[in-house]
Amino acid sequence: MSTLQAHLLALATPILAAISQILMKWQTSLTKDQLEELDSKLLFLAHFLLRPWVVAAFFFTFLGGLTWILAISKLELSQAYPYVAITFIVVPAAGLFIFGETMSTQKLLGSAVVVVGIGLVMLDS
């Protein structure tokens, strides 16, 4: 495996994690009323975990784990780990644009700090 392929796999890891988080948020938003109505939270979770999109979310998480294993088999952790921080940008952006969540100035500045930090670490690699 080339170094470029390893970097692409490291990049795929947070993207797959973000897809999983977005799917989970979507599915919980569809079932929010059911959770409040049920006396048994365990019963809700049992049914929830069998929903096809929830299973897909777990599958994306699993794939992300596989891409991570492959990436770190070639890259140093200090090279690969900054990619994980991408989830701190993609997931809040999805919350804003897909789910209509709020993005305060403080959250926006925090995301900007993460981007700058990723850039600094990547320049050092």
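This is a predicted model: local features need pLDDT of at least 70, side-chain atom pairs count only at pLDDT 80 or more; totals for chains, interfaces and linings use all residues.

Reader: Which residues form the largest nonpolar core?

Author: A nonpolar core is a set of buried Ala, Val, Leu, Ile, Met, Phe, Trp, Tyr and Cys residues joined through side-chain atoms within 4.5 Å. Buried means under 20% relative accessible area, exposed over 50%, and partly exposed in between (1.4 Å probe, protein chains only). Here the largest has 10 residues: A6, A10, W68, A71, L75, A80, Y83, A85, I86 and I118. Two or more residues come from each of α1 (3-37), α3 (52-74) and α4 (77-84); helices are DSSP runs (H or I, at least four residues), numbered from the N terminus. Apart from this core lies another of 7 residues, including L23, F44, F48 and V54.

Reader: How many aromatic pairs are found in the whole structure?

Author: Rings of Phe, Tyr and Trp (its six-membered ring) pair if their centres lie within 6.5 Å; planes under 30 degrees apart are stacked, over 60 edge-to-face, the rest tilted. The search finds 4 pairs. One of them, F44 with F48, is stacked, at 5.5 Å centre to centre and 25° between the planes.

Reader: Where do F44 and F48 lie?

Author: Both belong to helix α2 (residues 41-49), and because they are 4 residues apart, about one helical turn separates them. F44 is buried at 8%, and F48 is buried at 7%.

Reader: Is W68 buried or exposed?

Author: W68 is buried, at 17%. W68 forms an edge-to-face pair with Y81, at 6.2 Å and 75°, linking helices α3 and α4 across 13 residues. Y81 is exposed, at 51%.

Technical notes:
Residues are numbered from 1 along each chain as its sequence is written. Side-chain values use heavy atoms; hydrogens and water are left out.
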